[in-house]
Amino acid sequence: MDWSILGVNYPYIFSILLFSLGWLIIFTQANLIKKVIGINIMESGIFLFFLAIGDIAGGNPPIFVPGSEQVYVNPLPSAVILTGIVVSFSITALALSIIIKIYHNYRTIYMPELLRVLE
Amino acid sequence: MENTIVRQTFRFIITFLLLYGVYIIFHGHLSPGGGFAGGMIMGLGFILYLLVYEGDLGMLPVNVVIFLVSLGGIMEASKFLIGKNFPAASAPASLFSIGIGNLVNLGIGLLVAATILGIFYLEER
Amino acid sequence: MVIEFIPFALVLFTLVGAFIMPFLARWFSRGCIPLTLGILGLDFFMAGNLLRGVAAHGPVAYYIGGWPAPWGIEVRGDGLAAIMLILICFIMFWTVVYGASSMEREITPGGSGWYCTLLLLITAGMMGLVVSGDLFNMYVMIEVVTLSGCALVLARGGREVLPAALKYLLLATIGSGFILFGIAFTYLLTGHLNLGFAAAELMASGAQYPYLNWIALTFMVIGLAVKAGLFPLHVWLPDAHSTAPSTSSAVLSGLVVKVYAVVVMRVFFQLYTAELLQATDIDQILLIMSIGAILAGSFFALVQTDLKRLLAYSTVAQVGYIFLGISVFSITGLEGAIFHIAAHALMKSMLFLAAGVLIAGTGSRYINDLKGMGRAMPFAGGIFALGAFSMIGLPLLAGFISKYLLALAGWETGNYLVLPVMVLSGLLNAAYYLPVLRVLFWEEAAPLVEKTGKERGPLIALAALAGGLLIMGVMPEVGRDFIQLAAAWLWG
């Protein structure tokens with residue numbers, strides 16, 4: 001196997017690491033707020049993956065300067081990720097608001113206790 | 001907070017905070033940022049005001065939030081009607097080179113700022 | 001109006017209406033519901049025009065701002081989009097007519113203006129999703145629908161909604177993350193986000209990267225299956241759909257879960273064609289999950305004592321039908337899936353709305369407390385019975401035709417397992433709907449809590465939905481020609 005491709009593609013490896021870490025946090029942590037943080041970490045991994053697709057080694061920021069020939073980095077993933085970050089922020093805000101209301105009503109934010117109270 | 005130092009510092013900072021937010025909003029087509037990030041910073045400025053001066057404002061922030069959400073949303077939704085051949089307002093890479101797009105960015109910024117203010121204020125009450 | 005501008009105009013118009021609504025909710029709250037009805041009625045009229053235009057001239061495409069693809073966002077109005085638009089507008093309109101009288105009962109007081117905002121937002125999101133020709137535009141609309149759907153569940157105050165809504169939000173967000181990952185892989189493979197261009201690229205060079213194809217498809221299908229409520233990933237559905245208010249349940253069960261099945265159809269048949277997919281084994285996996293959904297949903301529904309939870313588990317089973325139609329990979333299967341989307345949307349929203357009227361009569365959701373309600377409120381009980389018979393699959397009603405189409409599809413493609421599953425599921429449907437009908441009609445009536453069975457708004461809405469269902473069942477040729485055309489366009 002050609003190990004040098006791992007050295008070139010390191011953003012993808014880190015992004016999958018972040019995704020798996022976020023996934024693990026969502027499923028193993030009992031505290032509801034930590035689950036929301038796990039969702040944020042998972043989405044960060046996805047955004048890193050998307051951004052790494054557009055990156056060209058030695059490319060310039062994609063601001064068109066007229067009259068010069070340059071290799072520009074792909075600007076499409078940046079625009080896509082901006083929208084994704086806003087979506088992730090909205091979901092975090094809504095989830096945390098629901099958790100605050102759960103705390104007011106049930107007096108606990110730990111999942112096993114919450115399930116026990118609901119029975 | 002009753003602390004004099006915090007209030008004086010706030011009076012200095014708030015100008016730069018809001019100006020920075022407006023800067024990021026209006027330079028959205030030239031540097032990273034745009035409506036969302038700039039709106040978030042402006043919203044944080046409003047939240048800082050609510051934290052430092054803990055007065056009872058009643059329903060005023062809610063009215064402001066609703067008004068800005070509606071206005072910002074309509075300004076943002078109008079960006080889909082801008083055609084391909086809309087003339088650029090001035091030279092490329094300058095501040096107003098996207099013409100009416102600046103208004104759209106401002107609409108998005110107001111929408112996001114109002115949303116953040118609304119979430120904070122309604123949670124606090 | 002020019003036909004090709006209609007899909008885009010629909011979404012924009014509804015979105016602008018959704019932004020005007022908070023303004024009205026704060027300062028002029030009596031005008032909220034009439035404005036919502038006006039916007040939805042105009043949407044229905046425009047969707048009807050689009051349907052006639054597409055039936056006459058073929059699929060239309062519109063590029064936003066005039067920028068041609070792949071630089072611009074493409075809005076495609078093809079057969080599937082036209083069917084879904086008509087369905088969405090029809091069901092949302094009658095749901096709002098129903099909700100005009102029930103909003104004060106079930107939603108937190110003073111919130112009816114905001115509820116109308118949510119309904120318009122989710123309509124705009126769903127309509128944007130079915131007409132979008134661009135993968136990332138679809139993702140943004142999926143997020144709009146997810147957040148609005150979660151807020152629709154939360155609209156009923158009280159403490160039992162909160163864990164259900166949080167479960168829905170967390171699982172739906174995980175699903176969205178997976179969908180975005182799948183879109184990222186597709187972008188990595190093809191370099192395009194536009195469906196048409198990406199499909200061309202995949203046809204040219206997709207067979208060279210079998211593992212990447214596999215990974216991209218898996219992420220997207222799992223993400224969409226979580227959000228649509230397919231069998232092992234359906235765990236949020238019973239809680240969310242049973243604790244939500246009646247109008248929200250009707251919208252969520254009737255439309256929101258179907259829209260993700262539409263995205264699966266677009267990804268399978270427009271992005272990857274069926275030949276590319278035969279190399280992966282995704283059809284076998286989806287087939288197993290669908291059959292599991294049909295059987296498990298029905299088995300879970302047998303033991304329920306809460307009426308709305310029973311209907312929610314029934315939704316789990318019906319989503320299995322739709323994915324069964326998608327996973328057999330034939331045109332008849334696709335026809336069956338599209339027909340079942342339309343039929344089940346009508347049936348399930350009718351059932352949830354009728355259940356809302358029946359529950360309001362006694363104030364309790366448990367089936368044992370609904371004794372004799374069918375005779376005390378004959379119209380609502382009759383409509384509930386009509387919906388139940390259609391789900392069981394009696395002829396002359398729409399449920400029979402979709403079961404027949406799916407069984408035909410299973411026979412044609414050689415998946416002979418589909419036929420006994422169809423028969424068994426019809427029997428299981430009967431096994432859990434008929435006891436409910438027995439309790440409603442053959443038991444002693446308890447006194448009514450409020451005189452709610454006689455309001456005109458809900459009854460008109462129920463009658464309209466039942467009329468649509470009867471038309472689809474008795475004269476299926478009205479819809480079937482167009483559905484065949486839509487399936488053929490999607491397939492080819």
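Predicted model: local features only at pLDDT ≥ 70, side-chain atom pairs only at ≥ 80, totals over all residues.
Local features need pLDDT of at least 70 and side-chain atom pairs count only at pLDDT 80 or more, while totals for chains, interfaces and linings use all residues. Residues are numbered from 1 along each chain as its sequence is written, chains are lettered from A and ligands numbered from 1 in the order written, and side-chain values use heavy atoms without hydrogens or water.

Trainee: How much area do chain C and chain A bury between them?

Mentor: Contact (heavy atoms within 4.5 Å) links 28 residues of chain C with 35 residues of chain A. Buried area is the accessible area (1.4 Å probe) that two parts lose on being put together, summed over both. Of that area, 87% is on carbon and sulfur atoms, and the total is about 2,900 Å².

Trainee: Which residues of chain C lose the most area to chain A?

Mentor: Together they account for 20% of what that side buries. They are Arg159(C), Phe181(C) and Tyr187(C).

Trainee: How many salt bridges are there between chain C and chain A?

Mentor: A salt bridge requires a side-chain nitrogen of Lys or Arg within 4 Å of a carboxyl oxygen of Asp or Glu. Between chain C and chain A the count is zero.

Trainee: Which element gives the most to the side of chain C that touches chain A?

Mentor: Helices here are DSSP runs (H or I, at least four residues), numbered from the N terminus. Two elements, helix H5 (135-154) and helix H6 (161-190) of chain C, each give two or more residues to that side. The one that gives the most, with 17 residues, is H6(C).

Trainee: How far apart are the end C-alpha atoms of helix H16 of chain C?

Mentor: The expected span is 1.5 Å times one less than the number of residues. For the 15 residues of H16(C), residues 378-392, this gives 21 Å. The model agrees, because the end C-alpha atoms are 21 Å apart.

Trainee: Which residue just after H16(C) takes a positive phi?

Mentor: The angle is about 105°. The residue is Gly393(C).

Trainee: Is Phe329(C), which has a positive phi although it is not a glycine, buried or exposed?

Mentor: Phe329(C) has a phi of about 60° and lies in the loop between H13 and H14 of chain C. Buried means under 20% relative accessible area, exposed over 50%, and partly exposed in between (1.4 Å probe, protein chains only). With a relative accessible area of 8%, Phe329(C) is buried.
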